[in-house]
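Please open the structure in a viewer and keep the selection tool at hand.

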Amino acid sequence: MRIIKKNILALCLLLSIPLLNIIYQVLNHGERGARQLITAVDHQIPFAEIFIVPYVLWYAFIFLMFVYFCVYDRAIYYRTLLSFCVGMLVCYVIYFFFQTTVPRPELVEGGILTKMVQYVYGADQPFNCFPSIHVLSSYLMILGIRHSKMWTIKKDIIVSTIAYSIILSTLFVKQHVVLDVVAGILLSSLLFKLFYYLEAETVFSFFKRMFKAKLQSTEKS
């Protein structure tokens, strides 16, 4: 309980993600025209509904990783979150001027995995593809853990395995194509390096002072 109280204000910054996601929903259509970036490699990648599992686990993975960073490595938390939020904004600008789409396979009646794919397809229109935000955020978690003071080889392997399975899932459930993945990784790397070396926690110094004042007042009470 003390850990939650100590980090609650910093964790509130995560609300910026669903707020920014509103823009995603507004842009998720092809009314301005949409291009396809399918390559020969994409034609060789089969549809595999089993990959819908890591695809939907993305939500829990990103949330838990941010909580972990916030509790155990606040500097990395700020850097990673800032990279993610700026990355989302960059993606939205690209979606507005360069909208892309990915053709989806025809689904037949099946088991729970098929129903999960149908739900994802129904909730997310086949636009806003390049770069992939799923890939952007997943790769940020790899970069975050590798630059964290809490890094261990075991944690690196666990986080990387989950993140890469999510990245691959975007291809096997036909939500993205290879160029979407490449662009997501490149954008993720660029932004993380930028904010890592520019000391991103300075940007959030106001919040850190506010947290410190809140903690002091809590301890006095």
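Select Val135, Leu136, Tyr139, Leu140, Leu143 and Gly144 in H7, and then Val181, Gly184, Ile185, Leu187, Ser188, Ser189 and Phe192 in H9: these two groups meet, contact being defined as heavy atoms within 4.5 Å. This is a predicted model, in which local features need pLDDT of at least 70 and side-chain atom pairs count only at pLDDT 80 or more, while totals for chains, interfaces and linings use all residues. Residues are numbered from 1 along each chain as its sequence is written, and side-chain values use heavy atoms, with hydrogens and water left out. Helices (H or I, at least four residues) are DSSP runs numbered from the N terminus.

By class, the contact of H7 with H9 has 9 nonpolar, 4 polar and no charged residues. Here Ala, Val, Leu, Ile, Met, Phe, Trp, Tyr, Cys and Pro count as nonpolar, Asp, Glu, Lys and Arg as charged, and the others, Gly among them, as polar.

Now display the whole of H9, residues 178-197, beside H7: the two axes come within 8 Å and cross at roughly 45°. Axes are lines fitted to C-alpha atoms, for helices over the stretch in contact, and angles run from 0 to 180 degrees between N-to-C directions. H7 and H9 are therefore oblique to each other; angles under 35 degrees count as roughly parallel, over 145 as roughly antiparallel, 65 to 115 as roughly perpendicular and the rest as oblique.

The contact of H7 with H8 comprises 10 nonpolar, 4 polar and 3 charged residues.

Next, select the loop between H6 and H7, where Pro131 lies. The peptide bond from Phe130 to Pro131 is cis, with omega near -5°. Asn128 also lies in the loop between H6 and H7, and Asn128 has a positive phi of about 55° although it is not a glycine.

Proceed to H4 and H6, whose axes come within 10 Å and cross at roughly 50°. That makes H4 oblique to H6, and their crossing is left-handed. Select Ile52, Val53, Tyr55 and Val56 in H4, which meet Leu113, Met116, Val117 and Val120 in H6. The residues of this contact are 8 nonpolar, no polar and no charged.

Where does the largest pocket draw the most of its lining? H4 gives the most, with 7 residues. The lining of the largest pocket divides into 24 nonpolar, 7 polar and 3 charged residues.

Notes
Left-handed = near helix turned anticlockwise from the far one by under 90°.
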